[in-house]
Amino acid sequence: MNLAPARAGNELIQPDATPKPGTAEPRRAHCQDPPSGESGNAAGSRPVMQLEHKPSKVLIVGCSGSGKTQYWTRYLLGSRARLKFVFDHEGEFAGRLKFRPATTLEQLATAAGRGWCVFDPARLYPGATPEAFAFFLDFAFTLSTQTGGRKLFACDELQAVTDTHTVSPELACVLETGRRYGLDFAAIAQQPNLVHNRVRNQATEVVTFQQMDPRAVDWCAAVGFDPAAVRGLAPGQYLARNLKTGGPAAGRVF
Ligand SMILES: Nc1ncnc2c1ncn2[C@@H]1O[C@H](COP(=O)(O)OP(=O)(O)O)[C@@H](O)[C@H]1O
Ligand SMILES: [Mg+2]
């Protein structure tokens, strides 16, 4: 895939497809296939297996103020995924795009039906962001099992809602099982060493902005970046690598 962030489009207004998710009520599925008899979805009551799907899991890293959110936002806007799940725990994505996020279950279901499911958890989960994250991962995974085509789960500042010691079953479902249902992943972390190695190990593409912390630079070097080049990046400048093909890319967002 093209690692350069796509130009900002108008998908927020005109999503490239209108999926018809089966249910407004999220379940705590933990990777279980939907039970038979569950009400309508793109493939009846059976999960939509997509074993041919080539997973894309993008990890964007870099120090504060370097341009990560700018890149990620453009990436999401340019993505052709038919259903985009954005965990907007800081309200920054919706704020920057002047986009009204979903804050209730009803709004989530409506948003999912339009292709953009931007969830601000402050109303449903005040003071409980990790629980909100688990809920939304489960919601996204469950809908993805019922919806054909490519889907994308996205989160800014992943290190703020996860830790380096454990990976929740909900995150494991999205990261490790989501591929079977065409669910991709795009997340930001300030430093790669601030997220669990199971998250890092799932990355198919890495985009790095400037990093100075030795552990962060070491990991970038381990996945093929020139450490001096990573340290020397200017604000807005990035390097990218496809870890499957080794394909490098470079550019700037400002
Ligand atoms: N074209 C630009 N020129 C200069 N600064 C910019 C430009 N676009 C964005 N910025 C600023 O750069 C800062 C960092 O961008 P951001 O993507 O939020 O970084 P990060 O997510 O890495 O902290 C933001 O405060 C933003 O206002
Ligand atoms: Mg940011």
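So, what is the order of the eight strands in the open sheet? Before I answer, bear in mind that this is a predicted model. Reading across the sheet, the order goes β4-β3-β5-β6-β2-β7-β8-β9, and the pairing is mixed. At the edges you've got β4, residues 116-119, and β9, residues 248-252, each pairing on one side only. From one strand to the next, the twist averages 15 degrees.

Let's zoom in on one pair. Strand β2, residues 57-61, runs parallel to β7, residues 205-208, and the two are paired over four bridges. If you want a landmark there, look for Leu59, which sits opposite Val206 in β7.

Now, helix α4. This helix packs on the sheet and touches β3, β4, β5 and β6. Its direction makes about 175 degrees with that of β3.

On to the core. The largest nonpolar core has 64 residues, and the ones touching the most other members are Cys117, Phe136, Ala140 and Val174. Helix α4, residues 129-145, gives this core its largest share, with nine residues.

Let me pick out Cys117. Skipping neighbours within four places in sequence, its contacts include Leu83, Phe85, Val86, Ala102 and Leu108. Lys84 is on that list as well.

Last stop, ligand 1. Which residues are around it? They're Gly62, Ser64, Gly65, Ser66, Gly67, Lys68, Thr69, Gln70 and Phe254. By class, that shell comes out as seven polar residues, one charged and one nonpolar.

That's my tour, happy to take questions.

Notes
Residues numbered from 1 in each chain as written. Chains lettered and ligands numbered in written order. Predicted model: local features only at pLDDT ≥ 70, side-chain atom pairs only at ≥ 80, totals over all residues. Near = placed C-beta within 6 Å. Nonpolar A, V, L, I, M, F, W, Y, C, P; charged D, E, K, R; others polar. Core = buried A, V, L, I, M, F, W, Y, C linked by C-beta atoms within 7 Å. Buried ≥ 20, exposed ≤ 12 C-beta atoms within 10 Å, placed from the backbone. Contact = placed C-beta atoms within 7 Å. Pairing = 2+ DSSP bridges. Axes fitted to C-alpha atoms, helices over the stretch in contact; angles between N-to-C directions.
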